[in-house]
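Reader: I would like to learn how to read this model. Please start with the charged pairs.

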Amino acid sequence: MRKTFNDELNKLHVRFAELGMMVNEAVLRATKAFVNHDKVLAESVIKKDPVINNCENDLEKMTLELIALYQPVTEDLRDVITILKASSDIERIGDHAVSISHATVNMKGSQRIAEIEIEIAKMGEYVCQMFQSVLDAYMKKNEERALKIAKDDLFLDEELRKIRKRCVTIMQEDSDSVISGSYYSLVAAYLERIGDYVTNVCEWIVFLKKGEIVELNPSTRKY
């Protein structure tokens with residue numbers, strides 16, 4: 001019975017890792033597409049979203065079946081619950097990658113603002129590093145690293161404020177930049193929200209180790 005449970009749990013971990021890799025690729029490609037004005041790359045992210053959704057649905061089904069069949073307790077139950085909850089947050093990160101890709105496609109011939117694109121690129125790179133780090137922290141069950149990653153999210157909050165403020169100033173000075181400024185603010189908000197979902201995953205890593213639900217960065221979170 002124990003061996004069978006462990007085998008099923010291992011399958012769950014493998015599927016979870018697959019979800020993480022797919023979403024990681026989506027975030028990388030979406031941010032690259034936006035910065036490089038690459039609509040073809042952006043469309044490839046959008047087309048792959050159903051695969052990510054199906055993977056998250058599989059994980060939900062697998063975790064619920066595991067709980068029903070084996071009724072795990074203590075650490076085993078925390079392991080399963082963490083996968084159930086973290087996979088939902090990771091799938092939402094994939095949704096935001098798709099939203100960024102839609103923005104890339106929809107901007108069309110909008111006026112570009114170089115100084116804002118530099119800041120967007122900085123945010124994108126930072127978000128990608130955070131997400132890769134949290135996946136590694138989860139696989140290693142590294143609570144200390146998860147806590148550090150959650151604090152890194154504060155940088156994204158500040159970047160979003162800076163970009164929004166600068167966009168408003170530019171749009172007030174040049175009416176031709178209104179459309180592009182709106183898209184920049186929107187994409188920056190998507191990147192900041194990805195950081196929030198990364199922080200959610202950090203919270204589940206803490207739960208996995210301690211069995212306690214601890215809210216990280218509560219003063220900056222938006223739901």
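Author: A salt bridge here is a side-chain nitrogen of Lys or Arg within 4 Å of a carboxyl oxygen of Asp or Glu. The model is predicted, so local features need pLDDT of at least 70, side-chain atom pairs count only at pLDDT 80 or more, and totals for chains, interfaces and linings use all residues. Residues are numbered from 1 along each chain as its sequence is written, and side-chain values use heavy atoms, with hydrogens and water left out.

Reader: What is the general idea, and how many salt bridges does a search of the whole structure find?

Author: Side chains of opposite charge can pair when their charged atoms come close. The search finds 18 salt bridges. Take E25 and R29: their side chains meet with N to O at 3.8 Å.

Reader: Where do E25 and R29 lie?

Author: Both are in helix α1, four residues apart, about one turn of the helix. Helices are DSSP runs (H or I, at least four residues), as are strands (E, at least two), numbered from the N terminus.

Reader: With which residue does E8 form a salt bridge?

Author: With K11, the closest N and O atoms being 3.5 Å apart. E8 and K11 are separated by about one helical turn because they sit three residues apart in helix α1. E8, at 28% relative accessibility, is partly exposed. K11 is partly exposed at 48%.

Reader: Are R193 and D196 buried or exposed?

Author: R193 is buried, and so is D196. Their side chains form a salt bridge at 2.8 Å, N to O. The two are three residues apart in helix α6, so about one helical turn separates them.

Reader: Now the helices. How many residues has α5, and what span is expected?

Author: Helix α5 (residues 143–173) has 31 residues. The expected span is 1.5 Å times one less than the number of residues.

Reader: Which residues of α5 are buried?

Author: Among them are E143, D153, L156, I163 and I170. The cover over the buried residues of α5 includes α4 and α6.

Reader: And L28: what does L28 touch?

Author: Contact means heavy atoms within 4.5 Å. Leaving out residues up to four places away in sequence, L28 touches C128 and Q132. L28 is in helix α1 and is partly exposed at 34%.

Reader: Last, the empty space. How is a cavity found?

Author: Rolling a probe the size of a water molecule over the atoms shows where empty space is left. On a 1 Å grid over the protein atoms alone, a cavity is a set of points where a 1.4 Å probe fits but cannot get out; lining residues have an atom within 4 Å of a point. Points are joined across faces, edges and corners, and the volume is the space filled by probe spheres set on them.

Reader: How many cavities of 30 Å³ or more are there?

Author: The count is one. The largest cavity has a volume of about 40 Å³. Its lining includes T31, F34, I120 and V187. Helix α1 gives the most, with three residues.

Terms used:
On a 1 Å grid over the protein atoms alone, a cavity is a set of points where a 1.4 Å probe fits but cannot get out, and a pocket is an open set with protein on both sides within 12 Å along at least five of seven lines; lining residues have an atom within 4 Å of a point. Buried means under 20% relative accessible area, exposed over 50%, partly exposed in between (1.4 Å probe, protein chains only).
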